[in-house]
Amino acid sequence: MVAELASTTDLAIILVTAALIGISAHQTGQPTIVAYLLTGLLLGPAALGIVEPSEVTSTMAELGLAFLLFLLGIKMRIEDVRHVLHPVLEISLPQMALVFLAGSGTAAVLGFAFWEALLIGLVVMYSSTAVVIKMLTDEDAVTSLPGKIDVGILLVQDVVVVILLTLLASGRPDSAVDLGITLLTVFGLIACVGFVTVAATRHLLPELFRRIADDRDAFFLVAVAFAFLFVLVFDELGLSIEMGAFLAGVSLAQLPYSTELRDRVSPLTNLFVLIFFVSIGLQLDAGDLFVHWREAIVAAFVLIPAKFLIFFALLSRQGFSLETTFLGSVTMIQVSEFALVAGTVAVAKGFVGEPVLGFLSLLAVVTMGVSVYVIKYDQRLFERLYPLLSRWETAGTGRTIEQQRYRDHAVVIGYDELTRSVLPRLEKFYDDVVVIDRKVTHVEALEDAGYDVVYGDFRHAEIRNESGLKRAAFVLSSSAELEVNEALLADVGERTTVFVEAAWAEDARELYHHGAHYVVLSPQLTAERLAEYLDAYFEDREAFGVAAETDLVNPRRSDLVSGAVEDSGGGSGE
Amino acid sequence: MVPVSELLTALSVVFVVGGAFLFVATRFALPIVPFFIFAGVVAGPFVEAELTLELARYGIVLLVFTFSMQIQFETVRTVLSDSEVVALGQIFVLGGIGVVVSVSIGLPSDQALYIGIAAALSSTIVGTGLLRTGRYRNLVYGRLAESIQFVQDLIAILLILVLSAETFAADPVATKLGYGVVLVGAAIVVNRQLFDLLGRVAGGSDELMLVSVIALLIAFLGAAELAGVSLAVGAFVAGLAVRRDPGEHLGMLDGLHSIRDFFTAIFFVTLGTLVTVPTTEVILVAGILTLLTTLVKPAATIALLLYKGYEARSATLTSLNLAQVSEFALVIAIEGLVVGALAQPVFDAIILAATVTMLTSSLSSRYDERIYQTLSGRGLLRKHYENVDERSAVPDDITDHVVIVGYGRQGRRLVETCEARDRPYVVVEHDPVLLADLAAECEAYVFGDAMEQYTWTKANVERAQLVVSTVDSNSVSNRILTLAGNGDVDVVLRARTVSTARDLLERGALYVSVPEVLAADRLVERVEAVAAGDISGADLRADSLAELERQAASEYYTTADEIEAVR
């Protein structure tokens, strides 16, 4: 009488194993991707052989790839990279060419066939977005100069990856002419779709999303539907769905609400990507995996220094300081997880055999593992190696790239009657006042009034990052939710003064213990004030009238944005 | 071309169509679930339901899982006492009528049981997250509706558990219940012992926490499958295993919500795809179910609430918020269909009725005040004056007094102030939970609805000097101005924003308190002090804490406030 979910057991095993291995990986500082790969290897024919891919798991894996690219697309805020665009292009394109040559050359020397060596070269030229971004975030270095450069390079690489994937997905060409035609068709179609997308993005999307942006759940789902729309269209056109998802993401990235979207799409992506990487492992046979293990080790030993040197040379040419050059280069030494992705597609389309995928997997895992430790200790490494490198020291000015980075600013969370009165005050004392709010009308009014606004829900880590909490001098939260304020207190820096709001004395005490400097208890204050007014009323009617009037007509209330604060308490049914 | 599986294509269609309908629903502030179901109906011909069915089941699982994660044992305790009777009464009455009527039109008894369940349950488990259009505030009827629904949800889980027994003989049911208990035990163990360990070991990585929690969920699902117990129960139990300390794992929870939203969208759209073209039989059964839900259920609920001592307006507003077929009924229906216990026509009827009633209920919630006015105007709700008289205590000769509306924190402070100055006052309050306090602490009070003329007559407002309202409701404020604003009575109201306040002032209020504005003064003082460096953060904290402790002695907690705080 009980209906069963066919894949539950398999999924259960996969997830539990992934969780366990993931936790161990986390403890040793390894990226979770490695853990997922190992899970697949462990459970699949390479080792234990207890799980086989089912339809649900393979669909989730497909979704994983699509969502990964969707997420990537969403991160592509053109303005963010605009100021590093020039040096980044000058670095990334030559870098890819050079690493391609190094990769293919190494593969050819190691004994791989022509096509195989070509493919290997094509897939090792990327660095791992997952590893780099994660490590940079962990070290809080994403907004540093080397960090920004690396992120920019990765973005350019991602665009190239997507093109490569599309090409691979269209299947093996019969001849060079065929290849050329395929290339042209692909580019042509992409251009068409791209054109339509850009038009839609400029004119249609902002209006569309603005109307529903206030409802966060609906907004998230409609964005996902938007991605699926592209997937459907691209599928019909015979193009790779990943490219479609990527374009969908890029369109959405230009909207002001994209940061929040990122945060909501990430968990979904993580889940599906997990299954994706596990399923790669599930496909590999022990035989395939270890056929080329010696080659993999050798390749790793060759490519890591090769990549480092190539990046070092190119960055140095741009005139960055030695430290920036070193740190920027050392982060990018690994082979990307896309090597596996591309490898899987290539195997599926018959370009290469499984053993090559095994080789690539090993290569990726080894280089990723090594790079994690290298990045962790990059500063120390730099100091150690400084004597050797000092001859390449440059003046360091090269190019001053301005960064939008808040420091010693004030952050106000939530725009309501309470914070409204505080804003003008804060402007007097702090250079930058950043307001976080998630109502479209508030955001627009605040921008008009000249404040910096971050649109989004404070509950999301991305939003907290963007407002630079760690470096803020003053933070005011008008949310009375205990969990939000506790998360806030955990995120701020040591020198930050934090004012929060609470509804109950219990909560207030908790918040003080967590480090809040002042807790506004509106209900209590109101009760006290009201009682005072009542007293005054009995005492001296006239004085009461005057006091009462000034309260509401008081000139220090900022009238600028008075109309915007929404009165959600109105309407029937109260 | 990398082969895109059929399932992925089906999923894409589901989302594209669903997304379009969702957009329309959100744009016009309509409830989302019916629109998803419509989307499913439209997408039906293009999608093979069996494909998405499995993913839809994950939607159910996640819905139930996240719902049960919200439950905290303390909340259960404080809330149950209030609404058990009403919730159970509603279920028995409506369930009974539903079964009887279905049997009488010729449905076999096991099918009639499903109709009965659909008629009985009205909880919106989606009220806890995804698809809420609710506007519950700190008002009596909001609290009531939520707690009634909560009790019903628990009963629904129990029902699912029982229904998953092979037959309805005592033995199999007992075995299932036994397994249920074992699973719950395991969940409690995990909650108490393992979960903290998990949190520490996952070391602040939201991603890992999320994966682990989902792994936990699926592990419980696997166990449920082995025990032959429904997956919904497994999901429910898994939710109990997750510790929900505020502040921790915020990222993980948000992540879970995203995943849940994704799968529940699939669930509701798939539901729609399963619906076939309705026959007359289907329409008949759906019609009966709809009538039961939209007319009989509110009537029964109102009667029950009046019996429990709530006054007519709260009773009506609460009932109007419960006049729909619950999503749990849908879950039970789809499980029944998949297993073959529920016939297609009855399933269709339930889906149809659910869609219609969700729409009507959202409309009736939006216009609930008007509906109430119409009903009471027509004299359909008569008896409340006796209640008011019975439960009030106002001296006949009271004059020049202060009428205080609302006996919460503010109300109590005001009463204190009046007593300190030896001024007569009358408290107006309509929450039966506070009746005991009113009787014990107030020299004069009226237990009645501030929206009713009679309440004010009872409070002798014509002879009053001042009316102070502490109720945060625009309709109440407006009403007070109309009812009491003529004559020389001064009126002090409460509003949420300055613009509303100014509006009320123009219409005759003497003063309008906007809580946040009142708090802002103090806040601004302190902000300036800190920013200018007059006082250090540490000193400010020390001072504020000390002040907090001083005021702690004069804290007022009512039962109602307590419930609110715990929630």
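Me: In which helix of chain A is Ala461(A) found?

Reply: Helices here are DSSP runs of H or I with at least four residues, strands are E runs of at least two, and both are numbered from the N terminus. Ala461(A) is found in helix H21, residues 461–466. This is a predicted model, where local features need pLDDT of at least 70 and side-chain atom pairs count only at pLDDT 80 or more, while totals for chains, interfaces and linings use all residues. Residues are numbered from 1 along each chain as its sequence is written, and side-chain values use heavy atoms, with hydrogens and water left out.

Me: Is Ala461(A) buried, partly exposed or exposed?

Reply: Buried means under 20% relative accessible area, exposed over 50%, and partly exposed in between (1.4 Å probe, protein chains only). Ala461(A) counts as partly exposed because its relative accessibility is 33%.

Me: In what order do the 6 strands of the open sheet in chain A stand?

Reply: Strands of a sheet pair through backbone hydrogen bonds, either parallel or antiparallel. Two strands count as paired if DSSP finds at least two bridges between them. Here the order is S3-S2-S1-S4-S5-S6, with parallel pairing. S3 (452–455) and S6 (518–521) of chain A stand at the edges with a single partner strand each, so one side of each has no neighbour in the sheet.

Me: How many bridges join S4 to S5 of chain A?

Reply: 3 bridges join S4(A), residues 474–477, to S5(A), residues 497–502. Leu476(A) stands opposite Phe499(A) in S5(A).

Key:
Chains lettered and ligands numbered in written order.
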